Amino acid sequence: MNELPASSDTLSQGLKSRHIRMLSIGGVIGAGLFVGSGHAIAAAGPAVLFAYIIAGALVVFIMRMLAEMAVNTPDSGSFSTYASQALGRWAGFTIGWLYWWFWVLVIPLEANAAATILNAWVPSVAIWQFTLFITLILTVTNLFSVKNYGEFEFWLALIKVCAIVAFLALGAAAIFGLLPSSQVSGISHLYDSGGFMPRGIGAVLSAILTTMFSFMGTEIVTIAAAESRNPGKEISRATNSVIWRIALFYLLSIFFIVALVPWNSPDLAANGSYQTVLEMIGIPHARLIVDVIVLTAVCSCLNSALYTSSRMLFSLAKRKDAPAAIAKTNAKGTPYMAVIFSTAVAFLAVIANYLAPAAVFDFLLASSGAIALLVYLVIAFSQLVMRKRCEQKGKVLDYKMWLFPGLTYAIIAVIIGILGSMLFIPGHQSEVISTGILTLLVVAAGCIVHRRQTRKLSSSVLARNN
């Protein structure tokens, strides 16, 4: 592939087909599956399977809508660009910056999580030193070329996939009584500790909120595909496989966990679901194994956070919704200014964690709590508008959302219902309120920026006419 001029503001097409395929597979697998799922199970019992099914189905539908637009018009700004086209520039500005903020906050959180694991292995090195080292290493790899990101993510995702396949094989063997070392077998724990739904439907509905955020990241493939040679084909292929990925990696994993471990076991929340299962079926060094897997998942998420935040910021700059300098790329077609700026803001968030009052950092974290749902809502509204425009023009789409427009309207209603219900759930009220405040601030900032640009444009037009 030919290198781009140093002064170019165009992204390269360095991602290969195998990179995109593994990105689409690994994007849905985060530390939430290996560790966080234990909290959801402890909250809802075996019926947490319903929560994963509902949340997974919602993500499948959202990805189908997004893919319909992305196959037709691949863009590194993905849903932010489509929101601008469908709903107005204010919408693209708002959701783009909110999404960027979400992933910028993920960078220090994931780096700290990885550093905590490494510090347990090497206590002589402080957590902050590990955090700095990991972030700098991944930042440097992201600065060179998108191919580096693709290669890193390919191997990290491959490790995660192999770990899950091994877990599923061991879980199946334990259920059928094929592991002599296992303390458990069968599926009796699905119902022998207070029934399948021990805490009622309310706990399941609450668990949907927890499980839904586990799937955040599936949409990254539509951003990354813009840097591949055949984005439309890669996006449609990745979206078609999202159903089996969620079914295999999440639903089957959670089924084995709730079948083999009593839902009210304190170890689920304390040690995580994967470690608890591995210990109960007699796998030696279970904690070390899970720590290695979680470290891999965390580094993968951090790598993706750096990539995704920089590409969204680059797209905003290209659309004049961010400073023009951020749109600069190097000879490899990498938006280095966007990478540096995103990493710098992430480091400021780390400093805020140490220096600012706890309430300030808590607000920063809470402000990203409902962004995933806002992104899904914007995708649904954008697809509704853009599909109707295509139909009015008589344009034939190669890739379509199912049961349009009824299913799209239903998804919109579900998302609005979930956002509304969060206001009445104590653990999620602050997230909705904080995200709402941040959204209003971003909308206001967008209005100010766009008004100034309009005035400047009008002044230049008048000056030319005179």
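**Aromatic residues and the helices around them**

In this predicted model, Phe 79, Tyr 99, Phe 102 and Trp 103 come together as one aromatic cluster. By the ring-centre criterion, the structure has a count of 15 aromatic pairs. One of these pairs is formed by Phe 93 and Trp 97, whose rings lie 6.3 Å apart from centre to centre with 55° between their planes, an arrangement that is classed as tilted. Phe 93 and Trp 97 both belong to helix H5 and are four residues apart, which is about one turn of the helix, and both of them are buried. For Phe 102 and Trp 103, the ring centres are 5.2 Å apart and the planes stand at 85°, so this pair is edge-to-face. With a cut-off for burial of under 20% relative accessible area, Phe 102 counts as buried at 13%, and Trp 103 is likewise buried, with a value of 3%.

Helix H5 itself covers residues 89–121, and its 33 residues reach 49 Å from the first C-alpha to the last, close to the 48 Å expected at 1.5 Å a residue. Because 25 of its 33 residues are buried, H5 is largely enclosed by the rest of the structure. Two of its residues can be followed in more detail. Phe 93, which is placed in H5, is buried with a relative accessible area of 4%. When residues up to four places away in sequence are not counted, Phe 93 touches Ser 84, Leu 316, Asp 321, Val 442, Ala 445, Gly 446 and His 450. Phe 404, by contrast, is 311 residues from Phe 93 along the chain, and the C-alpha atoms of the two are separated by 27 Å.

The other residue is Ile 107, also found in H5, which is buried with a relative accessible area of 1%. Leaving aside its neighbours within four places in sequence, Ile 107 is in contact with Thr 135, Leu 302, Ala 305, Leu 306, Ser 309, Ser 342 and Ala 346. Between Ile 107 and Ala 173 there are 66 residues of sequence separation and a C-alpha to C-alpha distance of 37 Å.

The next element to consider is the meeting of two further helices. The axes of helix H7 (residues 146–175) and helix H14 (residues 286–318) come within 9 Å of one another and cross at roughly 150°, and the crossing in which H7 passes H14 is left-handed. On the H7 side, the residues that meet H14 are Val 146, Tyr 149, Phe 152, Glu 153, Leu 156, Ile 159, Lys 160 and Ala 163, while H14 contributes Ile 293, Thr 296, Ala 297, Cys 299, Ser 300, Asn 303, Ser 304, Tyr 307 and Arg 311. Sorted by class, this contact of H7 with H14 has ten nonpolar, four polar and three charged residues.

Elsewhere, helix H8 (residues 200–212) has 13 residues and reaches 19 Å from its first C-alpha to its last, close to the 18 Å expected at 1.5 Å a residue. Its buried residues include Ala 203, Val 204, Ala 207 and Ile 208, and the buried residues of H8 pack against helix H2 (31–44), H3, helix H17 (371–393), helix H18 (406–422) and helix H19 (426–465). Helix H3 (residues 48–72) is also the place of Glu 68, a residue that counts as buried at 4% relative accessibility. Apart from neighbours within four places in sequence, Glu 68 is in contact with Gln 383, Arg 387, Leu 397, Tyr 399, Lys 400 and Met 401.

Some details of the backbone complete the account. Phe 404 and Pro 405 are joined by a cis peptide bond, with omega about 0°, and Pro 405 is found in the loop between H17 and H18. His 285 is not a glycine, yet its phi is positive at about 55°; His 285 sits in the loop between helix H13 (273–280) and H14 and is exposed, with a relative accessible area of 62%. Lys 320, again not a glycine, has a positive phi of about 65°. Lys 320 lies in the loop between H14 and helix H15 (336–355), and with a relative accessible area of 59% it is exposed.

Note on methods
Residues numbered from 1 in each chain as written. Predicted model: local features only at pLDDT ≥ 70, side-chain atom pairs only at ≥ 80, totals over all residues. Heavy atoms only, no water. Helix = DSSP H or I, 4+ residues; strand = E, 2+ residues; numbered from the N terminus. Expected span 1.5 Å × (residues − 1). Buried < 20%, exposed > 50% of the residue type's maximum accessible area, 1.4 Å probe, protein only. Axes fitted to C-alpha atoms, helices over the stretch in contact; angles between N-to-C directions. Left-handed = near helix turned anticlockwise from the far one by under 90°. Contact = heavy atoms within 4.5 Å. Nonpolar A, V, L, I, M, F, W, Y, C, P; charged D, E, K, R; others polar. Phe/Tyr/Trp six-rings, centres within 6.5 Å; stacked < 30°, edge-to-face > 60°.
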